[in-house]
Amino acid sequence: MRGDFFDKLHKEMKKNEKIFFLMGDTGYNLVEPLFEEFPDRTLNIGVAEQNLIGIAAGLCNLGYKPICYGISNFLIHRCLEQIRNDLCMHDYPVTLVGTSTGLDNGALWATHYVVDDIACVKPFPNMHIYSPSSVESINQIFDEVIKLPHPSYVRITKKSFKENIQTEQINHFVIKNENSKILIISHGRMTGNAVEASKISGKISVFAMDKIKPLDIEFVRILTKNYKKIIILEDNFNSGLFNSFAQIMIELHINDVKAYSISPKEDYGDNVGDTEYLDNQFGLTPQKICEFIEKIEK
Amino acid sequence: MNLEIRRTILDIVHNGGASHIGSALSLVEILDTVFKNCNIEKIKKSNIDRDRVILSKGHGTSALYSTMFHHGLISSEKLKTYFKNGSVLGGHASHHVPFVEHSTGALGHGLPVGVGMAIGLRAKKFDSKVFVIVGDGELHEGSNWESIMFAGHEKLKNLIVLVDCNRLSQVGELEECCSIEPLESKFRSNNFEVFDVDGHDEMMIDKSIKKITETGLPRAILCRTTKGKGISFMECNNLWHYKSPQGEDYEKALSELN
């Protein structure tokens, strides 16, 4: 998925001289073509993310559209005040592209989990948040953020998932099972797990809500009209999409829908394991998702 | 010593019931000299190739707005609204005020942003300058050193950092809290050209800005100043970091500046 993003970026930089690529010493074997072809519009700032964000803001003052690339946990958590004050307060069109999401980094352990990033930046005015589920979704999201006159955060999982259909909207049904009474709404890497769970159970639909902020209220209205049991599945604490979805449900006075969260427990844990191990621990594997569905069916 | 700008600062801080007058009074000659070195007409027209000024120690905003007023960048009507309900002129620098490049107030932000502007100007091949004014206490923030290191590495010769070295932070003396010295060798070792001057001597600051050198390096001007400069009972007195000059204090301060 990261490779797909960089392919799109490379093509865009050829025709759009406003794009300025900045990175915090991350992107080995991905970014080299950009640095070779656009030496005046690429910079490796080094392991200094606060400086990275400030520089991006300064470039916006000159009319540039900076793309900042880094590992999500450093790009977001390390420089939260810079994102708030220098980007969101000024409504600068910087796109933060964070690699690794959720439990992607597995046994690298908790400093590298990206499970609380969405809640960190969600309250900031002007910020747009995207969590692409698939290669197709990356393309849609890239086309949107490159024109967006606001700050944005795109969190890209290390895993690759293809829908093999051309999506027309960023938020969309991945599986629409006419007989299903239960809907899974997911984003990012979890959509692949939801699709696998759907294949096993045969009775759930899957909707990718890859644009997390601003949340599409109309979709919340439609989905809650058609499904009375909705699971929000995410590799993020439930302060992410679940929290936003529940808020909109309350604001719309929707009280005939049961909304459930499948997400990592709000804890950094004390043991390590690969992504699959951690998914299993937190109930995020297709099998565990099916077990959850069986429980709420009763 | 520039009495005119100081009187304006005292006036707006007094009328607004605002604070941070000590931090503002140490900045006067630095800001006035910086704006004298800018092409004001380009700033007024918001030309893309204008010089840029960032007051990173955003709490010195009464000095920034007063200096901008004296350089024709803020009207007297607007200045009178400083620190009052409904005004855009608040206690920290705001980009909602025309010609203020960047909002500051949380320390350690202005320099990275200024470095970004300097990189942008260089990429567009403009020869304008970026002036960033930081406080000495502000240099405790690590983000400054990230950008000092990077500006030196990139040889951003269009970047001029002016440090308001008034030696006092909020609670006490920097030397007692956490020394930032020796600043000269710290900047120099990060590939800066360094000038160490009396921060209330406009001619010395001006010379440091204008001096033509062949080094092609960013410039740091260490401006040795006095917090509360110009009003005897405020000088080197941290009470005036927060206290607003009212009543007899105001009358006494005004008489000293007259």
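**Reading the model**

Guide: Buried residues make up 50% of the 298 residues in chain A, where a residue is buried if 20 or more other C-beta atoms lie within 10 Å of its own, exposed if 12 or fewer, and partly exposed in between, with C-beta atoms placed from the backbone. The model is predicted: local features need pLDDT of at least 70 and side-chain atom pairs count only at pLDDT 80 or more, whereas totals for chains, interfaces and linings use all residues. Residues are numbered from 1 along each chain as its sequence is written, and chains are lettered from A and ligands numbered from 1 in the order in which they are written.

Visitor: What radius of gyration does chain A have, and what would a compact globule have?

Guide: The radius is taken over C-alpha atoms, and the globule rule is 2.2 Å times the number of residues to the power 0.38. For 298 residues the rule gives a value near 19 Å, and chain A agrees, with 19 Å. Along the principal axes, its C-alpha atoms fill a box of roughly 60 × 40 × 35 Å.

Visitor: How many helices and strands are there in chain A?

Guide: Helices (H or I, at least four residues) and strands (E, at least two) are DSSP runs, numbered from the N terminus. Chain A has twelve helices and twelve strands.

Visitor: In what order do the strands of the five-stranded open sheet of chain A lie?

Guide: Strands of a sheet pair through backbone hydrogen bonds, either parallel or antiparallel. Here two strands pair if DSSP finds at least two bridges between them. The order is β7-β9-β8-β11-β12 in chain A, with mixed pairing. Because β7 (172-175) and β12 (258-262) of chain A each have a single partner strand, they stand at the edges, and one side of each is left without a neighbour in the sheet. Neighbouring strands are turned by 30° against each other on average, direction ignored. Within the sheet, β8 (182-186) and β11 (229-233) of chain A pair in the parallel sense over five bridges; A:L183 has A:I230 as its bridge partner in β11(A).

Visitor: Which helix packs on this sheet?

Guide: Axes are lines fitted to C-alpha atoms, for helices over the stretch in contact, and angles run from 0 to 180 degrees between N-to-C directions. Two residues are in contact if their C-beta atoms, placed from the backbone, lie within 7 Å. Helix α8 (190-201) of chain A touches β7, β8, β9 (204-208) and β11 of chain A, and its direction makes about 165° with that of β9(A).

Visitor: Which domains does chain A have?

Guide: Bounds come from an automatic or database domain assignment. For chain A this gives domain 1 (2-156) and domain 2 (172-297). Their centres, taken over C-alpha atoms, are separated by 26 Å. In domain 1 of chain A, 25 residues are in contact with 27 residues of domain 2 of chain A. On the domain 1 side, β5(A) gives the most, with three residues.

Visitor: How many residues of chain A are in contact with chain B?

Guide: In chain A, 24 residues are in contact with 21 residues of chain B. On the chain A side, α3(A) gives the most, with nine residues.

Visitor: Which way do the residues of strand β1 of chain B point?

Guide: In a regular strand the side chains alternate between the two faces of the sheet. From β1 (52-55) of chain B, B:R52 and B:I54 point one way and B:V53 and B:L55 the other way, and all are buried. This strand pairs with β2 (130-135) of chain B in the parallel sense over four bridges, and B:R52 stands opposite B:V130 in β2(B).
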